[in-house]
Amino acid sequence: MIPEDHNKNSNPDKILSIGITGVEFGVGVTVVQPVNLYGCQIGDEVFIGPFVEIQKKVKIGHRTRIQSHTFICELVTIGDDCFIGHGVMFINDTFSSGGPAGGDQALWKQTNIGNNVSIGSNATILPVDIADNVVIGAGAVVTQNIIESGVYAGNPAKKLKDL
Ligand SMILES: CC(C)(COP(=O)(O)OP(=O)(O)OC[C@H]1O[C@@H](n2cnc3c(N)ncnc32)[C@H](O)[C@@H]1OP(=O)(O)O)[C@@H](O)C(=O)NCCC(=O)NCCS
């Protein structure tokens, strides 16, 4: 319940807008607004659905599709011909010091996704390397490097089968 003495402004005191800022696009890219894309590199013929956020220094390879509601944080690289499902969350801060690292980027970790990797909806990808030709199931939580091709699912993600 909202308390009686709640601030009754009809707008917040501060509104920040990002949109598309300082992005390097390849040719033939499709973006469905609204998105927040800033300081990243997007390869040729990439598709980016609505409500996606891609942070600075991220690199997305050619022909990769990023479906709606996905969040791709700094220090993530994604290869060519990948499919990133709806609402996939990437993580660079594992709270390794007992809480959020804040601005201490020395505590952030990288993620590298190979080529032809398909990630199911609502998967969470902690800072890991994922090999080429991998399928990640919907809702998976990937906590360790995946070094061979195959289908992986679950929390923590385990190999279901070869491709
Ligand atoms: C992981 C996945 C690729 C496996 O598909 P599949 O090879 O046809 O697998 P099956 O449906 O035969 O399931 C095999 C086993 O894995 C389990 N399983 C399947 N998907 C799972 C998932 N996402 N998480 C946990 N377990 C899963 C099944 O329950 C089954 O278990 P059982 O052998 O104990 O019965 C698929 O289920 C999936 O999650 N795809 C993601 C699709 C997606 O998100 N698309 C986005 C665009 S809409």
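**Contacts, backbone geometry and ligand shell of the predicted model**

Among the contacts in the protein with a separation of 6 or more, 18% are accounted for by residues 24 or more positions apart. This value, like those that follow, was computed from a predicted model. The protein comprises 163 residues, of which 28% count as buried. Its secondary structure consists of 21 strands and zero helices. The C-alpha trace spans about 60 × 40 × 30 Å along the principal axes of the protein.

In general, most peptide bonds are trans, and most residues other than glycine have a negative phi. A cis peptide bond is found from Gln33 to Pro34, where omega is near 0 degrees. Pro34 is placed in the loop that lies between strand 3 (30–31) and strand 4 (36–38). A cis peptide bond also joins Asn155 and Pro156, with omega of about -5 degrees. The loop that holds Pro156 lies between strand 20 (150–153) and strand 21 (158–161).

Positive phi values were computed for two residues considered here. Lys57, which is not a glycine, has a phi of about 75 degrees. This residue, Lys57, is located in the loop between strand 7 (53–54) and strand 8 (59–60). Because 14 other C-beta atoms lie within 10 Å, Lys57 is classed as partly exposed; the class falls between exposed, at 12 or fewer, and buried, at 20 or more. His69, likewise a residue other than glycine, has a positive phi near 70 degrees. The position of His69 is in the loop between strand 9 (65–66) and strand 10 (71–72). His69 has 17 C-beta neighbours inside 10 Å and therefore also counts as partly exposed.

The surroundings of the ligand were examined next. The residues around the ligand include Gly85, Gly120 and Ser121. Val135, Gly137, Ala138 and Gly139 also belong to these surroundings, as do Val151, Ala153, Gly154 and Leu160. By class, the shell around the ligand contains six polar and five nonpolar residues, and no charged residues. Two of the residues that surround the ligand, Val151 and Ala153, fall within strand 20 (150–153), and Leu160, also part of the surroundings, falls within strand 21 (158–161). The loop between these two strands is the one in which Pro156 lies, and the cis peptide bond at Pro156 is formed with Asn155.

Note on methods:
Residues numbered from 1 in each chain as written. Predicted model: local features only at pLDDT ≥ 70, side-chain atom pairs only at ≥ 80, totals over all residues. Near = placed C-beta within 6 Å. Nonpolar A, V, L, I, M, F, W, Y, C, P; charged D, E, K, R; others polar. Helix = DSSP H or I, 4+ residues; strand = E, 2+ residues; numbered from the N terminus. Contact = placed C-beta atoms within 7 Å.
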